[in-house]
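I am opening a new page for this structure. My notes follow the order in which I looked things up.

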Amino acid sequence: MLLITNGRVLNPATRLEADANVLIVGNRIEKIGSPASVGARALELQRVTGEDIEELSARGLVVAPGFVDVHVHFRDPGLTYKEDIHTGSAAAAAGGYTTVVCMANTKPPVDNEAVLTDLRKRAKDLPIHVLNAANVTTSMSGQKLTDMEKLHAAGACGFTDDGVPIRDEKLMLQALQMAKKLDVPISVHEEDPELLLSQGVNQGAVSEKLGLGGAPAVSEAVLVARDCLLNQSVGAKLDIQHISAKMTVDILRFMKAEGVEVYGEVTPQHLYATEELVLQKGSLARVNPPLRTEEDRQALISGLCDGTIDMIATDHAPHAKEEKAKPIADAPSGMIGLETAFALCYTVLVKSGRMTLLELCEKMSYNPARLYGLDAGELREGGPADLVLLDPKEEWTITEDCFRSKSKNSPFVGERVTGRVKCTICDGKIVGLDN
Ligand SMILES: [Zn+2]
């Protein structure tokens, strides 16, 4: 058994914030409480089972539920030169994540049972909980729905064509209805292709300077409004991915007030940086939807603080060095994010005084777990022993050495940040340790 001592325990589910010890037996949390009561329970169990008590000091650290990321790309199958489920899981564990949801834009995509079944089988051997979303449409072509019922039965935790939007309104409505029937999230990448001159850079001052057409904020907002309206009478768990624009936050706030069932994700990069980063980091800062203006960034922070945006999800999107070395117009969009998510978010949200660490944990673990109905994102006696130990005071500089991902495409290398993941425990085992 594992005894975590002298930590500050944070549990967003119950708003608990207390100095406490945590006893883990097998893959469950046995007890949370005072050193005396937890110690007594450990000794009592030891007398019965003869099992050793392994002590892990969390002095000066925060003990919180393992993070849950509902939006990662592990590039497996087919694009494993960028990432695979093993390196992706290692990156997640290094970043404090104990559960992730993989997007389905692999090669081939997860639009059929065979691909999904293989992924589900291989996920069993991974150090963290790796879940799979399946596609909404076959070949992600937006023409025909997949057999969502069959895919759900084969283990799909949700549905998405992430990477491309679903253009056909009638098809989108049918997809929402099926997601509602199956009671699983449907996650949407909202960029209307009709309005995009080029992807990955915000349409505005920076795209002009670089001679690129750019992606306007309205391309996102117009689809978000459409899908909220379509979902008004359906009530599916509609999840708006990687929200980037102020306009979208305003629409989401309105739609939620109207009673529409809708959830929002925001990435650490959209909270932390603006389009200015493209001028400094070039292709590395190219991402869909793009980093936008300071006004947009502030609106994302406000939206996250007031609950309009529900959760932080990384959109961890690995690409090989040679791909990102291309000029910005030719380089693929996306950046990795699992290992740096907590530090970027802590720095921009908690250190700045915009929210408490408990609130940040809620948006990185509890809220995403609730969307997917997972037994995760909280600390509970009898519950899963998925935890993260955090040092909220440690200042450090992001270097390529911190990445366990197969790819290193982060525009935040060199950034000075505060807050560090010290240890990740999944199913009662230490799966990531910072030393
Ligand atoms: Zn996307």
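**Ground rules.** I am working with a predicted model, where local features need pLDDT of at least 70, side-chain atom pairs count only at pLDDT 80 or more, and totals for chains, interfaces and linings use all residues. I number residues from 1 along each chain as its sequence is written, and side-chain values use heavy atoms, with hydrogens and water left out.

**Domains.** I looked up how the chain is divided. I found domain 1 (2-63 + 383-433) and domain 2 (67-372); such bounds come from an automatic or database domain assignment. Their centres, taken over C-alpha atoms, are 27 Å apart.

Next I checked how the two domains meet. I count a contact when heavy atoms are within 4.5 Å. On that basis 41 residues of domain 1 are in contact with 50 residues of domain 2. About 3,500 Å² is buried between the domains, and carbon and sulfur atoms give 66% of this. Buried area here is the accessible area (1.4 Å probe) that two parts lose on being put together, summed over both. On the domain 1 side, Lys-406, Asn-409 and Phe-412 lose the most area to domain 2, together 20% of what that side buries.

**Cores.** Which residues have the most contacts inside the largest nonpolar core? I noted Leu-271, Leu-349 and Leu-360, in a core of 102 residues. A nonpolar core is a set of buried Ala, Val, Leu, Ile, Met, Phe, Trp, Tyr and Cys residues joined through side-chain atoms within 4.5 Å. Buried means under 20% relative accessible area, exposed over 50%, and partly exposed in between (1.4 Å probe, protein chains only).

Helix H13 (residues 341-350) gives the most to this core, with nine residues. Both domain 1 and domain 2 give residues to the core, so it lies between them. A second, separate core has 18 residues, including Ile-4, Val-9, Leu-56 and Leu-379.

I then went back to H13. Helices (H or I, at least four residues) and strands (E, at least two) are DSSP runs, numbered from the N terminus. In H13, 10 of its 10 residues are buried. Among them are Phe-342, Tyr-346 and Leu-349. Leu-360 is in contact with these three residues, and its contacts beyond four places in sequence also include Ile-312 and Met-355.

**Zinc site.** I looked for the donors of the zinc ion. They are Asp-162 (OD), His-189 (ND1) and His-242 (NE2), at 1.9 to 2.2 Å. Donors are N, O and S atoms within 2.8 Å of the metal (3.2 Å for Na, K and Ca); water is not among the atoms, so sites may look incomplete. Asp-162 sits in the loop between strand E9 and helix H5, and His-242 in the loop between strand E11 and helix H8, so the pair ties together parts that are 80 residues apart in sequence. I noted both Asp-162 and His-242 as buried.

**Asn-11.** I found Asn-11 in strand E1 (residues 2-11). Its relative accessibility is 2%, so it counts as buried. A polar contact of 3.1 Å joins its side chain to that of Thr-14. For this I need a pair of N or O atoms within 3.5 Å; within protein, one must be able to donate a hydrogen and the other to accept it, and residues adjacent in sequence count only if both atoms are side-chain atoms.

**Phe-74.** Last, I checked Phe-74, in the loop between strand E6 (67-72) and helix H2 (85-94). Phe-74 is buried, at 2% relative accessible area. Beyond four places in sequence, Phe-74 touches residues including Val-100, Cys-102, Val-130 and His-316.
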